[in-house]
Amino acid sequence: MSLGIVNGTIVTAVDGYPADLRIEAGRIAAIGAGVADTAAHTLDATGLLVLPGGIDAHTHFDLPTGGTVSADDFETGTRAAAFGGTTTCIDFATQSKGGTLQHALDTWSARAEGKACIDYGFHMILADVNPGSLAEMRAMVAAGISSFKLFMAYPGSLMSTDGEIFQAMQHAAACSALVQVHAENGSVIDLMVQQALAANHKAPVYHALTRPSTAEGEATQRAIALAEMAGAPLYVVHVSAEEAVDAIARARCHGGMILGETCPQYLFLSHDHYLDPGFEGAKYVMSPPLRPRHNADRLWQALQSDQLSVVATDHCPFNFRGQKDLGRDDFTKIPNGIPGVENRLQLLYHGGVAGKRFNLHRFVQLTATAPAKIFGLFPRKGTIAVGSDADLVLFDPAGRHLISAATHHMRVDYNPYEGLELQGRIVQVVSRGELIVDRGRWLGRAGHGQFLPRRSPAMP
Ligand code: URP
Ligand code: ZN
Ligand code: ZN
């Protein structure tokens with residue numbers, strides 16, 4: 001069945017022009033005047049931008065952690081993503097201690113299959129670096145898992161030593177994969193946490209006070225040095241601190257294959273939220289934590305100047321009632337994470353394009369094209385071209401959108417951006433040629449989303 005999109009303005013990371021689109025068998029079949037004239041159905045995009053569907057390269061659906069499970073599963077999470085104009089998510093499968101990577105992939109595949117409403121892929125979290133898991137990396141790459149996250153935080157559970165990270169980087173370089181790091185100095189943070197608890201400092205603000213930005217800057221710098229020694233590219237996830245941005249910017253200036261990702265929470269929210277009355281600060285407990293406001297200015301500047309390459313969400317939601325309150329008497333028991341998969345595109349359009357920090361092409365680059373290239377999905381995803389998947393967002397730049405937990409689609413009882421009114425509105429969303437969101441109405445279905453085997457990374 002063919003679908004036409006007429007009268008819109010197509011915007012990619014490099015071009016913007018009025019043209020019609022014809023979609024056949026889920027792919028873009030033709031672009032140009034009149035190509036949609038004989039399509040079975042047409043969408044009228046008069047006054048609208050036609051954007052590539054967003055790619056969220058950092059989500060945690062159905063993630064068991066801290067004695068609970070993240071509140072969105074693959075169905076509710078990908079559905080919410082679609083409402084927000086995201087048509088591909090890359091989630092994280094986690095190796096268990098003593099477990100194989102294949103077992104982790106099987107476990108996460110079972111969670112997603114039949115439930116995902118949009119296409120999805122997986123990164124692999126290497127939680128137990130040993131000769132077996134290092135050897136298995138090549139088979140993972142062959143299976144389409146071409147990126148591996150290592151933790152420099154959480155000693156005793158997820159944290160790897162520098163030697164382990166270095167070895168993983170060497171293996172990644174040998175099999176053309178990408179290492180991602182969670183860059184915080186876990187040993188120092190753990191000591192600061194113990195000291196805070198000993199002093200009876202248990203309120204949510206101490207989560208942030210025990211994870212200073214210097215701990216992120218130091219770990220980022222160390223990860224860059226390890227990657228340089230290993231001759232491997234590096235992708236630093238959820239960058240929040242100016243020290244970390246400075247380290248990435250320096251490395252990129254010297255030709256390093258270093259990429260950085262930030263998230264809307266670090267652009268729009270700040271440390272001040274930890275001082276909200278009562279236990280409200282728990283809503284913002286995540287790692288790295290929110291930073292003092294000047295860090296956000298530096299992050300925006302880094303997005304403008306390509307010192308940072310991607311905006312993802314690190315969507316990892318927990319209900320305030322029943323989950324966040326597990327840590328009411330002790331901040332270390334608050335599950336770490338924040339919702340956001342539904343709000344990323346609109347927040348970035350509002351703060352970036354409407355806020356005159358960068359243009360539409362940079363917006364598309366940060367939210368779709370760069371993640372598609374870095375994570376081996378381009379040109380199937382991340383652009384509008386003949387042969388690409390017809391993952392499209394019809395976007396009204398003059399529309400407005402009010403963020404509220406009362407109307408959002410994420411399965412979580414609060415929204416960290418509650419009450420924020422944004423410029424720009426998502427009108428329709430198409431996934432592989434199917435209209436799945438139509439002016440706030442859900443037309444998609446669980447199981448429509450397909451697993452995306454990913455190739456090796458390309459520099460954006
Ligand atoms: O607090 C966070 N970010 N939770 C998700 C796990 C991670 O480290 O990305
Ligand atoms: Zn992380
Ligand atoms: Zn994460």
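**Arg-222 and its partners**

I started at Arg-222, which forms a salt bridge with Glu-218, the closest N and O atoms being 2.7 Å apart. I was working in a predicted model, so I keep that in mind for every entry here. Both residues sit in helix α7, and because they are four residues apart there, about one helical turn separates Arg-222 from Glu-218. I looked up the exposure of Glu-218 and found it partly exposed, with a relative accessible area of 32%. Arg-222 also counts as partly exposed, at 21% relative accessibility.

Next I asked myself which residue forms a salt bridge with Asp-162. The partner turned out to be Arg-222 again, with the closest N and O atoms 2.6 Å apart. Asp-162 lies in helix α4 (residues 162-174) and Arg-222 in helix α7, so this pair ties together parts that are 60 residues apart in sequence. Asp-162 is partly exposed, at 30% relative accessibility.

**Glu-216, also on α7**

Glu-216 lies in α7 while Arg-291 is in the loop between α9 (264-268) and α10, so the pair ties together parts that are 75 residues apart in sequence. Are these two buried or exposed? Glu-216 is buried at 2% relative accessibility, and Arg-291 is buried too, with a relative accessible area of 6%.

I then checked the tally for the structure, and it comes to 24 salt bridges. I also noted a network of salt bridges that links Arg-27, Asp-119, Arg-380, Lys-381, Asp-389, Asp-391 and Arg-432.

**Helix α8**

My next stop was helix α8, residues 242-253. Its 12 residues should span 16 Å at 1.5 Å a residue, and the end C-alpha atoms are 16 Å apart, which agrees. For the buried residues of α8 I wrote down Ala-244, Val-245, Ala-247, Ile-248, Ala-249 and Ala-251. What do they pack against? I found α7 (213-230), β15 (234-236), β16 (258-262) and α10 (294-304), so my notes come back to α7, the helix that holds Arg-222 and Glu-218. Following α8 is Gly-255, and its phi is positive, near 85°.

**Ser-309**

I looked up Ser-309 and placed it in the loop between α10 and β17. It counts as buried, at 1% relative accessibility. Leaving aside neighbours within four places in sequence, I found Ser-309 in contact with Arg-252, Leu-259, Gly-260, Leu-366, Ala-370 and Ile-374.

**The zinc ion (ligand 2)**

Then I turned to the metals. Which protein donors does the zinc ion (ligand 2) have? They are Lys-149 (NZ), His-182 (ND1) and His-238 (NE2), lying 2.1 to 2.2 Å from the ion. Along the chain these donor residues are spaced K-x32-H-x55-H. His-182 is in strand β14 (residues 178-182) and His-238 in the loop between β15 and α8, a pair that links distant parts of the chain, 56 residues apart. I checked burial for both: His-182 is buried, and so is His-238.

**The zinc ion (ligand 3)**

How many Å separate the zinc ion (ligand 2) from the zinc ion (ligand 3)? I read 4.1 Å. The protein donors of the zinc ion (ligand 3) are His-58 (NE2), His-60 (NE2) and Asp-314 (OD), and they lie 1.9 to 2.1 Å from the ion. Four donor atoms around this zinc ion (ligand 3) subtend angles of 86 to 127°, which makes the arrangement tetrahedral. The cut-off I needed for that step is that all angles lie between 85 and 135 degrees. For comparison I jotted down that the ideal angle for four tetrahedral donors is 109.5 degrees.

The spacing of these donors is H-x1-H-x253-D. His-60 is in the loop between β8 (54-59) and β9 (64-65), and Asp-314 in the loop between β17 (310-311) and α11 (344-354), so the pair ties together parts that are 254 residues apart in sequence.

Conventions. Residues are numbered from 1 along each chain as its sequence is written. Chains are lettered from A and ligands numbered from 1 in the order in which they are written. This is a predicted model: local features need pLDDT of at least 70, side-chain atom pairs count only at pLDDT 80 or more; totals for chains, interfaces and linings use all residues. Side-chain values use heavy atoms; hydrogens and water are left out. Donors are N, O and S atoms within 2.8 Å of the metal (3.2 Å for Na, K and Ca); water is not among the atoms, so sites may look incomplete. Four donors count as tetrahedral if all angles lie between 85 and 135 degrees; four count as square planar and six as octahedral if opposite donors are over 155 degrees apart and all others between 65 and 115; anything else is irregular. Helices (H or I, at least four residues) and strands (E, at least two) are DSSP runs, numbered from the N terminus. The expected span of a helix is 1.5 Å times one less than its number of residues. Buried means under 20% relative accessible area, exposed over 50%, partly exposed in between (1.4 Å probe, protein chains only). Contact means heavy atoms within 4.5 Å. A salt bridge is a side-chain nitrogen of Lys or Arg within 4 Å of a carboxyl oxygen of Asp or Glu.
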